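Please open the model in a viewer and keep the sequence panel at hand.

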Amino acid sequence: MQIGIPAEIRTGETRVAATPETVKKYAQGGHHKVLVQAGAGLASSYQDADYVAAGATIVSSAVDVYGSADLVLKVRGPEPSELEQMRRDQMLVGLLAPYRTEGLQAIAARGVTAFAMEWLPRISRAQSMDVLSSQANIAGYKAVMIAANTYGRMMPMLMTAAGTIKAARVIIMGVGVAGLQAIATAKRLGAVVEATDVRPETKEQVESLGAKFIEVPLTDAEKDLAKGQGGYARDMGDDYRKRQAALVAERIKQADIVVTTALIPGRPAPVLVTEDMVKSMRPGSVIVDMAVEQGGNCPLSELDRTVVKHGVHLVGIANLPATVPADSSALYARNLYNFLALMLDGKTGAFNLNREDEVVAGTLACIGGELVRK
Ligand code: NAD
């Protein structure tokens, strides 16, 4: 089989879907030929020569990749100009933004067999393939680094001859993969950290990292909802939102930095930080809205911009993993390799699209010109 790695062309996308490390694994055994577009890894600091040393063939253009590859590995879903180069029954693996159906419909119409990595089932066996987790982990770290860089004060408490500097107070909203890493990173920098989430099991996780949990008391009816589904949260309803907002409003007045990560799959992000809450923050405070691409947890944040409103810095960088490209690509590429190992026979190199496997079936988005989920 020929495995193709084109350079990503989406604006600001610095990641690449295979690294020399994973190319070496694909090429091992001599069953697969790996084609890498010249310069595909450069923005992630992976050189063409390293891909060649790992067993890849460097080709000069995307046309050469799409023209020959049976299986195309991407980070982002194809742009129209890329899709035009793809052919029927060619296979594609990537972050295809499956909740926006127009993109998937175009891929299906082209007859491409596509796997959307966002749909990977969240079961233990699939953890090593979970691109959302690997990228969210890095994004949570970088969100705090950006917040620290934007904040005009120190993160840790300092006692100096010139007097004492107070530790920054940080609130993390949404304690999934990104939120947990954000808590750990802010703690390492010496901040005083509080966090909140709708899923009650996160309380213990927050406390085990040395942070304080902001707990919204749940009614009996809400307890079941709050467990979520498949590791993801569900919409908690208006009444919960009001109680959460009242509690958060009190805490936010004291906060210097707020990092919001709250997402509900397939739905707009919940609004957690209102304009009034922003107004209540001290000038120079920072909000990093990691949900900005899904509409934002704060209505004042702007996509891919850092703006100052009511004296508060609002950071709305959508693609935080792309700001840590070498490590993001390394983890993403390993996730794809582990996923493809479900279908590529290690001994013979034969490809088996085994729809009996729930990980393969859950991720398969288009086949035979049709969308798998209508
Ligand atoms: P996510 O990115 O979908 O959401 C981020 C967080 O926002 C979640 O914790 C969610 O509960 C929270 N949230 C949603 N609405 C909120 C609201 N109104 N207020 C406050 N918080 C709100 O989630 P994620 O980071 O991808 O993962 C969520 C969970 O899934 C984690 O516990 C993670 O450990 C688990 N997980 C399991 C596997 C696996 O078993 N294979 C893989 C990945 C993640």
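Contact, as the word is used throughout this tour, means heavy atoms within 4.5 Å. This is a predicted model, in which local features need pLDDT of at least 70 and side-chain atom pairs count only at pLDDT 80 or more, while totals for chains, interfaces and linings use all residues. Residues are numbered from 1 along each chain as its sequence is written, and side-chain values use heavy atoms, with hydrogens and water left out.

**First stop: the largest nonpolar core**

Select leucine 73. Not counting residues up to four places away in sequence, leucine 73 touches Ile3, Gly4, Ile5, Pro6, Ala17, Tyr26, Val93, Leu336 and Leu340.

Now widen the selection to the core. A nonpolar core is a set of buried Ala, Val, Leu, Ile, Met, Phe, Trp, Tyr and Cys residues joined through side-chain atoms within 4.5 Å. Buried means under 20% relative accessible area, exposed means over 50%, and partly exposed lies in between (1.4 Å probe, protein chains only). The largest such core has 37 residues, of which Leu73, Val93, Leu336, Phe339 and Leu340 touch the most other members. Two or more residues each come from strand S1 (2-5), helix H1 (20-27), strand S2 (33-37), strand S4 (71-76), strand S5 (91-95), helix H12 (325-340) and helix H13 (358-363). Helices (H or I, at least four residues) and strands (E, at least two) are DSSP runs, numbered from the N terminus. H12 gives the largest share of this core, five residues. Apart from this core lies another, of 28 residues, which includes Tyr151, Ala182, Ile257 and Met290.

Select glutamine 37, which is placed in strand S2. What does glutamine 37 touch, not counting residues up to four places away in sequence? Its contacts are Ile5, Pro6, Ala7, Asp48, Val59, Ser60, Ser61, Ala62 and Val65. Glutamine 37 has a relative accessible area of 13% and is therefore buried.

Valine 286 counts as buried because its relative accessibility is 0%. With the same exclusion of residues up to four places away, valine 286 touches Ala147, Thr150, Tyr151, Asp256, Ile257, Val258, Met281, Val312, His313 and Val315. A C-alpha to C-alpha distance drawn from valine 286 to aspartate 256 reads 6.4 Å, and the two are 30 residues apart in sequence.

How many aromatic pairs does the structure hold? There are three. Rings of Phe, Tyr and Trp (its six-membered ring) pair if their centres lie within 6.5 Å; planes under 30 degrees apart count as stacked, over 60 as edge-to-face and the rest as tilted.

Select tyrosine 99 and tryptophan 119. Their ring centres are 6.4 Å apart and their planes stand at 80 degrees, so the pair is edge-to-face. Tyrosine 99 lies in the loop between S5 and helix H5 (101-109), and tryptophan 119 in the loop between strand S6 (113-116) and helix H6 (131-150), 20 residues apart. Tyrosine 99 is partly exposed, at 48% relative accessible area, whereas tryptophan 119 is buried, at 10%.

Then select phenylalanine 115 and phenylalanine 339, an edge-to-face pair with 5.6 Å between centres and 70 degrees between planes. This pair links strand S6 to helix H12 across 224 residues. Phenylalanine 115 is buried, at 0% relative accessible area, and phenylalanine 339 is also buried, at 0%.

Select H5 and colour Leu104, Ile107 and Ala108, which are buried. These residues cover an arc of only 100 degrees around the axis (from the directions from the helix axis to the C-beta atoms), so they lie on the same side of H5. The face turned away from the buried side carries the exposed residues Glu102 and Ala109. Show also the packing partners of the buried residues of H5: helix H4 (80-83), S5, S6, strand S16 (364-367) and strand S17 (370-371). Just after H5, glycine 111 takes a positive phi of about 85 degrees.

**Last stop: the paired strands**

Two strands pair if DSSP finds at least two bridges between them. S6 and S16 run antiparallel and are joined by two bridges; phenylalanine 115 stands opposite leucine 364 in S16. S16 and S17 are likewise antiparallel, with two bridges, and the bridge partner of cysteine 366 is leucine 371 in S17. Finish at the hairpin of S16 and S17, which has two residues between the strands; glycine 368 in the turn has a positive phi of about 60 degrees.
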